[in-house]
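Hi,

Here is the structure I said I would pass on. Have a look at it first, and then read my notes below.

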Amino acid sequence: MTVQDCPSIQTYLRTLNRGIDELCVKKIRIENQFFGGAADLVNGRKQSDILTLLLCIAGETVKWQILFDAFNVDAGPDVLILNSDDFDPEYEKITSLAHWDKSNQHSLLKVIQELVGAYKNHERNKCKKLDAEIFKQIDTLSEFYEKVELSVFNNEKTGKTINVMIEIKLDIENYHEESGDGGDWTLDEPVLLIKYDLEQERRSPIIYLPPLVERMIGGRQTLTPPTFNDGQQLVHYVNHVREQMISYTNLLVESKQKRMAFIQTFLARLPGHMLEFDGTHFVKMSLLFSTCGFHYVVHVSLARTFPREQPIMTFESAYHLNRRSQLFQMTCNNYPYNPRWTASELTDHIKLLIIEKAKLFKEKSLQQGII
């Protein structure tokens with residue numbers, strides 16, 4: 001095998017990169033690709049024949065190193081399990097590795113698929129030995145949810161812990177937005193992680209959200225999982241969390257549509273007052289008013305659950321500062337409000353309220369503000 005044959009390794013890697021997304025709940029990451037030989041052997045043309053796979057399975061990070069020989073790909077790669085002391089697969093039973101097919105560009109992907117399956121079975125067997133009842137509930141859950149993973153490990157503080165991770169699919173097609181960078185472990189769907197602390201008899205649920213849903217709800221901490229009550233079956237709890245997610249995301253999708261309609265109505269009815277507005281999320285607009293020669297800006301902030309929550313108006317003087325050398329402001333968030341008002345009705349009420357509060361704001365600016 002000559003150096004000119006080395007790009008075939010890159011073909012395996014490209015195919016692997018395209019095919020590993022569906023193997024785990026959280027996407028597998030490939031990193032630390034480098035050439036393991038001496039640079040002068042390849043006249044400066046370094047070929048990546050060593051790489052590291054990072055797998056986040058049910059909250060536990062597993063590292064595997066794949067080692068090719070750039071000058072002898074006929075033999076297939078070696079696989080090193082870097083940080084899992086009790087997982088030692090029988091490599092001769094990994095068919096794609098034992099019978100390596102150098103002519104098939106999917107050969108490396110097949111090896112990883114088999115190894116991931118072997119690792120997950122290994123964790124399932126550990127769980128079954130540790131707590132048969134929890135294992136039975138996880139088995140039942142797997143009949144209703146496509147992606148369910150578990151891991152068993154020792155925590156120095158709490159002892160034996162069983163983690164269960166479930167992908168919860170949501171229909172958010174009505175929410176159009178670029179997903180952007182998802183960070184180290186990109187998700188396509190929300191994930192529920194449940195930690196079983198066996199010694200303390202405690203269950204701790206955590207929700208992880210993909211970037212799209214995070215921005216949709218306004219942050220990771222906005223959606224809190226319900227309490228996992230004693231005696232409650234795992235499948236019933238997960239169904240409850242899914243229903244809560246669906247209800248909340250539907251509310252947010254509907255809210256965005258109503259925020260957009262309200263801002264568009266305000267812009268059409270009072271075009272001369274609009275300074276700027278958020279045309280992506282529709283959560284804020286800034287309006288310019290003048291009362292008896294006194295100019296001021298009103299920032300109208302809309303919650304992501306609007307119209308359930310009323311708009312917050314912040315009056316801002318064009319002339320006066322506060323003691324921190326910031327523009328003098330007055331917030332108005334307690335006024336008569338009906339979430340059932342139409343966009344036109346709300347526009348009229350907001351305008352009347354601004355006019356009503358303008359005199360008070362002018363007096364406060366003159367008394368408390370600094371020019």
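How are helix 3 and helix 4 set relative to each other: parallel, antiparallel, perpendicular or oblique? Before I get to that, please keep in mind that this is a predicted model.

Two packed helices are described by the angle between their axes and the distance between the axes. Helix 3 covers residues 107–130 and helix 4 covers residues 132–142; they pack at about 135°, and their axes are 5 Å apart. Angles from 65 to 115 degrees count as roughly perpendicular and those over 145 as roughly antiparallel, so helix 3 and helix 4 are oblique to each other. On the helix 3 side, the contact is made by Arg124, Cys127, Lys128 and Leu130. Helix 4 brings Ala132, Ile134, Phe135, Ile138 and Asp139 to it. Sorted by class, the residues of this contact are six nonpolar and three charged, with no polar ones.

Next, the sheet that goes with these helices. Four strands make up an open sheet in the order 5-6-7-8, and the pairing is antiparallel. Its edges are strand 5 (148–155) and strand 8 (202–208), each of which pairs on one side only. On average, neighbouring strands here are turned by 20° against each other, ignoring direction. Inside the sheet, strand 6 (residues 159–167) and strand 7 (residues 191–197) are joined by seven bridges and run antiparallel.

Helix 3 packs on it by touching strand 5 and strand 6, and its direction makes about 65° with that of strand 5. Helix 4 lies across strand 5, strand 6 and strand 7, and it runs at about 10° to strand 6.

Which part of the chain gives the most to the lining of the largest pocket? That is helix 4, with three residues. Helix 4, strand 7 and strand 8 each supply at least two residues of the lining. The space in this pocket is about 260 Å³. Among the residues lining the pocket are Glu133, Ile134 and Gln137, along with Tyr196, Asp197, Arg202 and Arg203. By class, the lining has seven charged, four nonpolar and one polar residue.

Strand 9 and strand 10 form a hairpin with six residues between them, and Phe282 in the turn has a positive phi of about 60°. At the other end, five bridges join strand 12 (residues 312–321) to strand 13, and the two run antiparallel. There, the bridge partner of Thr314 is Thr331 in strand 13.

Cheers

Terms used:
Residues numbered from 1 in each chain as written. Predicted model: local features only at pLDDT ≥ 70, side-chain atom pairs only at ≥ 80, totals over all residues. Heavy atoms only, no water. Pairing = 2+ DSSP bridges. Axes fitted to C-alpha atoms, helices over the stretch in contact; angles between N-to-C directions. Parallel < 35°, antiparallel > 145°, perpendicular 65-115°, else oblique. Contact = heavy atoms within 4.5 Å. Nonpolar A, V, L, I, M, F, W, Y, C, P; charged D, E, K, R; others polar. 1 Å grid on protein atoms, 1.4 Å probe; cavity = no way out; pocket = protein on both sides within 12 Å on 5 of 7 lines; lining within 4 Å. Points joined across faces, edges and corners; volume = space filled by probe spheres on them.
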